[in-house]
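Please find below a note on the model under review.

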Amino acid sequence: MNFEQLKQEVDHIVSDTKKTVDDRLLNICQILEKHITYYNWVGFYFINGNKQELLLGPYVGAPTDHKVIPFGKGICGQVAVSNQNFVVPDVKEQNNYIACSITVKAEIVVPIFVDGKNIGQIDIDSNTIDPFTEADERFLESICEKVATII
Ligand code: SME
């Protein structure tokens, strides 16, 4: 499945109101991880109320100990503050990076906005070095916009 087909699949998933929001988010993680070979860990983090921290939401991939990430820490914590996409071609080049698995070579984090407010993010790890292009950014921004409608 290409990006356009995956976007249509995500439309179907988000509109399935018989499922809980978490189940729909998990389904999104599952189809992205399944159909994009270089997406090897796919998950959501959401801002925890008024606290300056992110909480892990639904994900697929290796279990992670990093269920809570303070603002500013790691790639995810930096995106919570910057409100901007963060593309990391090579995680070894990053000082402020939280390693979840030794197999991970690259990461992309794209924020989710609801009414202009950064409420969370989609986080993708890749076991391939430098795999992400602007097409991934545009694709993931579109996924985040769809997710924002059910949060
Ligand atoms: N690597 C992330 C932590 C989350 S894991 O990738 C699941 C970071 O540096 O924020």
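The points below take the ligand site and then single residues in turn.

1. The structure is a predicted model.

2. The ligand sits in the largest cavity. The most is given by α3, with 3 residues.

3. Residues of the shell. Around the ligand are Trp41, Tyr45, Ile69, Gly74, Ile75, Cys76, Tyr97, Ile98, Cys100, Glu107, Asp123 and Asp125. Sorted by class, this shell holds 8 nonpolar residues, 1 polar residue and 3 charged residues.

4. A polar backbone atom of Cys76 is 2.8 Å from an oxygen atom of the ligand, and a polar backbone atom of Ile98 is 2.7 Å from a ligand nitrogen atom. From a side chain, a polar atom of Asp123 lies 3.4 Å from an oxygen atom of the ligand. The ligand on its own exposes 310 Å², and 100% of that area is buried by the protein.

5. Lys34. This residue belongs to helix α2 (residues 21–35). Is Lys34 buried or exposed? Its relative accessible area is 63%, and because the cut-off for an exposed residue is over 50%, Lys34 counts as exposed. Along the chain, Lys34 and Met1 are 33 residues apart, and their C-alpha atoms are separated by 9.6 Å.

6. Asn83. The loop between α3 and β4 (86–88) contains Asn83. Its phi is near 60°, a positive value in a residue other than glycine. With a relative accessible area of 38%, Asn83 is partly exposed, because that class covers the range between the buried limit of 20% and the exposed limit of 50%.

7. Asp130. A positive phi in a residue other than glycine is also found at Asp130, where the value is near 50°. Asp130 is placed in the loop between β6 and α4 (134–148).

8. Points to check in the display. Which element gives the most residues to the shell around the ligand? It is α3, with 3 residues. In which loop is Asp130 found? Asp130 is in the loop between β6 and α4.

Technical notes. Residues are numbered from 1 along each chain as its sequence is written. This is a predicted model: local features need pLDDT of at least 70, side-chain atom pairs count only at pLDDT 80 or more; totals for chains, interfaces and linings use all residues. Side-chain values use heavy atoms; hydrogens and water are left out. A residue is near a molecule or strand if one of its heavy atoms lies within 4 Å of it. A polar contact is a pair of N or O atoms within 3.5 Å; within protein, one must be able to donate a hydrogen and the other to accept it, and residues adjacent in sequence count only if both atoms are side-chain atoms. Accessible areas come from the Shrake-Rupley method with a 1.4 Å probe; for residues, only the protein chains shown count as cover. On a 1 Å grid over the protein atoms alone, a cavity is a set of points where a 1.4 Å probe fits but cannot get out, and a pocket is an open set with protein on both sides within 12 Å along at least five of seven lines; lining residues have an atom within 4 Å of a point. A molecule sits in a cavity or pocket if more than half of its atoms lie within 2 Å of its grid points. Helices (H or I, at least four residues) and strands (E, at least two) are DSSP runs, numbered from the N terminus. Ala, Val, Leu, Ile, Met, Phe, Trp, Tyr, Cys and Pro count as nonpolar, Asp, Glu, Lys and Arg as charged, and the others, Gly among them, as polar. Buried means under 20% relative accessible area, exposed over 50%, partly exposed in between (1.4 Å probe, protein chains only).
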